[in-house]
Structure formats: structure tokens, C-alpha cells
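Hello,

Here is the structure we talked about handing over.

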Amino acid sequence: MILSEIHKKFKEKVRAFADNEVAPRAKEIDKKGEFPWDLVKKMGEYGFLGIYIPEKYGGAGLDVLSYAIAVEEIGRVCGSTGIFLAAHSSLGVFPIYYAGTEEQKQKWLIPLAKGEKIGSFGLTEPNAGSDAAGTQTRFRLEGDKYIINGTKRFITSGHIADIIIFTATKDPALGYKGISAFVVEKGTPGFTPGKEEDKLGLRGSITSELIFEDCAIPKENILGQEGDGFKIFMETLDGGRISIGALALGIAQGALDASVKFVQEHNLTKSQSIQSMIAEISTEIEAARLLVYNAAQLKDAGLPYVKESAMAKYYASTVGMKATSMAIDIHGLLGITDDYPVERFFRDEKLMEIGEGTSEIQKIVIARQILGK
Ligand code: COS
């Protein structure tokens, strides 16, 4: 795909950061399950934590395509660092940029986009994942405070985030219409992080519960109006799917790059079965890239992109699983050892088929856009 000079230069900048500063740390981050604080700080300094946010709100003033490129490039070397970037930018930053008042933007968006604070998004619950309208976390208004009770689960960066956007319902019987979106700040009484998950992949990324027990937050912490929550997070997820597609693509590209290196170093370039695998996954990765970049460009142009972002995520994650699995096949038994990065790419890639809407959910979204509900 032909990129503009601006995008090309930005891609080179992120690639240099990824190769020089992230790649040497990736194995250790995965092994120790260590959150890469130093890399997060550097990403903030480079302006990577608010790429598509206008400069007046502390961002880099670039676009969604640049953001997708950044997630792809970082994912190419380290899925854990890539998912942090994607969750912070799409889920922590976007809802405030999209639905926040000017005052909320001044208070929360600016430090988030500058990378001074970490953002997170609490939607999933023990009993509400794909059925996001089934939220059971409750809110009630008491005077000038909202009182929150409930538990969120599988929240990326949940333990460490400073600013968390979350959903709660006035009454589960109201379905999606009862759901509102709020902001809670770390340290608010009644708000505590719960269990941290020990995961198959993305082991350097924090995934945790969030527990609300009579947690009182100021009335001003609501995003939009009461009842707007479902639509705010649906829009948030539409954009988030571009970044998960980009991350799936980046991990797949990392597995392909490692395979090409392996094949060349082991004099396997003449093997027709290996040529076949390399050709197949290279082609599918390129097709995934076109879908991801297309969805990003549609969003940048202000055009509808719901179907395209779901397609990008669905296809890129499907291709990603195939590519990382084939990369292990190409390495043979060496591929399942940690002497090579492909087993890490394979483990990291699996979440791309599940997080921010499973492949089955993406197919529902795509089909509804084509067939109507
Ligand atoms: N953008 C904006 N609004 C949307 C929307 C979108 N992409 N999709 C639906 N809506 C609106 C609908 O228009 C409808 O509003 P109106 O009644 O005013 O028209 C409302 O939201 C309810 O829509 P719908 O009836 O389609 O909701 P469903 O409960 O059937 O939900 C799916 C459908 C499955 C698509 C939804 O639950 C979903 O995306 N689930 C996956 C959640 C997910 O990704 N979880 C992982 C989170 S990881 S952070």
C-alpha cells in the first residue's frame, strides 16, 4: 500500500523505537509477566499515547491511520506493549475525546494524551461479555454523587490505570437503554482492583478485576447523559477494533519476519513447502493490512466504518492465528521453544480473536451492516 510521506516517516519513527527499545525487552517482559513501565514512559515522551488526538488536547495531532501503524509496528515486536498502547488509546482516551465535555477533556483527556496518566475501560463483567447490554454493575444518584456497585472483569491495565471509563446500569431490566458511562479515578474510596489474571499470552499486559463497593463518584463524572453509555461504548469498540486488527497484523508480521530470517539462516529457501507457506501468509498479511488501513482511513475521513473495522479485526486476527501457527511449523520443533519468538507471537495472537469482541461478534456486526438487523 502506498503511504503518504507523513505516514511513511511516522512508520519509520515508530519502527526505530520498536526495534531499538521494545524488541530487546520483549522476551523478558513476556517471561516475567512484567508491565513495561519504562517503555510506557518513553511512548508518552514520543507522543505515542495520544496519536490521533489534536495538539490542543495534548495529543500528537496525527490521524487514526498513524495510530494503526504505530500499534502494528510495536505489535510486530511485542504484543504486550502493543496491547497497552491500543487499550490506552482506543478505550481509555477515545470515549473522553468523543463524548466528554470541554471541562472533562481539560481534566482527563490532556494528561491521558500526553501520557502523564494511564487510561482504561471497564465494560466486561463476570456475566456480561459478548452480551454487553447485560451489564449488571449498578449506579444510583444520591444528591450530587453517583453510587456504584458491581464488578468488572478482564480489564486491560485495570490495576494500574489512573483514569477508568466504565459502564453501569440504572436497572438491568432496562437493557441497553439503562446503561451509562462514567469516569472513576484511581484511589476513589470504594473502588479497588481485584484479582489479576495469569494469562496465556500478552503476559506483560495487566488484566484485572475492578470492584466497586458503594463507590461515590461526583455527578460530573458521567460521560454524555444518563442512558448514553451503550452507544458510547459501541462507538468506542468500533474504533478499538481497528487497533486490535492492527495489533493482530503486527504480531503476524513479526512471526513472518522471524520465519523469513529462520528460513534464510537455515538454507531452507529452496524448499517448496516452505515457499508455499511463506507465500500464503505473506499474501494474507498484506490483505489484512489493506483492510486495517482502509478502516482507519474511513474513520479519518468521517465516513461509516463499522462494517470495515469489524472486517479488519475479524480477518487480521484469523490470518494472525494462521500466520503464527505456520511460523511455528516453519521453525519445526525449535518453534515451540523460547529460543525463537514465534511461540510468544502465537500465544499473544490468540487474544486478538477474543478481545474487543470475538470473531463471532464481528461476524454479527458485519452481517447486520449488510443484511440489516
Ligand atoms: N454504534 C453506535 N450505536 C450502535 C452501534 C454502533 N456500532 N451498534 C448498535 N448501536 C445502537 C443501535 O442503533 C441501538 O440503538 P437504537 O435502538 O436507538 O437504534 C442500540 O445501540 C442497541 O443496538 P442492538 O440492539 O444492535 O444491540 P445488541 O444488544 O443486539 O448488541 C452486539 C449487539 C452483539 C453487536 C453488541 O452487544 C456487541 O458489540 N457485543 C460485543 C461487546 C464486546 O465487544 N465486548 C468485548 C469488550 S472488550 S473492551
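A polar contact here is a pair of N or O atoms within 3.5 Å. Keep in mind that the model is predicted.

Ligand first. A polar side-chain atom of Lys231 is 2.7 Å from a ligand oxygen atom. Arg368 also reaches a ligand oxygen atom, with a side-chain N or O atom at 2.7 Å. Asp238 places a polar side-chain atom 2.8 Å from a ligand nitrogen atom. On its own the ligand exposes 1000 Å², and the protein buries 72% of that. The ligand sits in the largest pocket.

Now the shell. There are 20 residues around the ligand, and Ser130, Tyr176, Lys231, Arg368 and Lys373 come nearest. By type, the shell has nine nonpolar, four polar and seven charged residues. Two elements give two or more residues each: α6 (229–265) and α10 (359–371). α6 gives the most, with seven.

How many cavities of 30 Å³ or more does a search of the whole structure find? One. The volume of this largest cavity is about 60 Å³. Its lining includes Tyr52, Tyr67, Phe94, Thr236 and Lys299. The lining residues divide into five nonpolar, four polar and one charged.

Best regards

Methods. Residues numbered from 1 in each chain as written. Predicted model: local features only at pLDDT ≥ 70, side-chain atom pairs only at ≥ 80, totals over all residues. Heavy atoms only, no water. Near = heavy atom within 4 Å. Polar contact = N/O pair within 3.5 Å; in protein donor to acceptor, adjacent residues only side chain to side chain. Areas by Shrake-Rupley, 256 points an atom, 1.4 Å probe, with all protein chains shown as cover. 1 Å grid on protein atoms, 1.4 Å probe; cavity = no way out; pocket = protein on both sides within 12 Å on 5 of 7 lines; lining within 4 Å. Sits in = over half its atoms within 2 Å of the grid points. Helix = DSSP H or I, 4+ residues; strand = E, 2+ residues; numbered from the N terminus. Nonpolar A, V, L, I, M, F, W, Y, C, P; charged D, E, K, R; others polar. Points joined across faces, edges and corners; volume = space filled by probe spheres on them.
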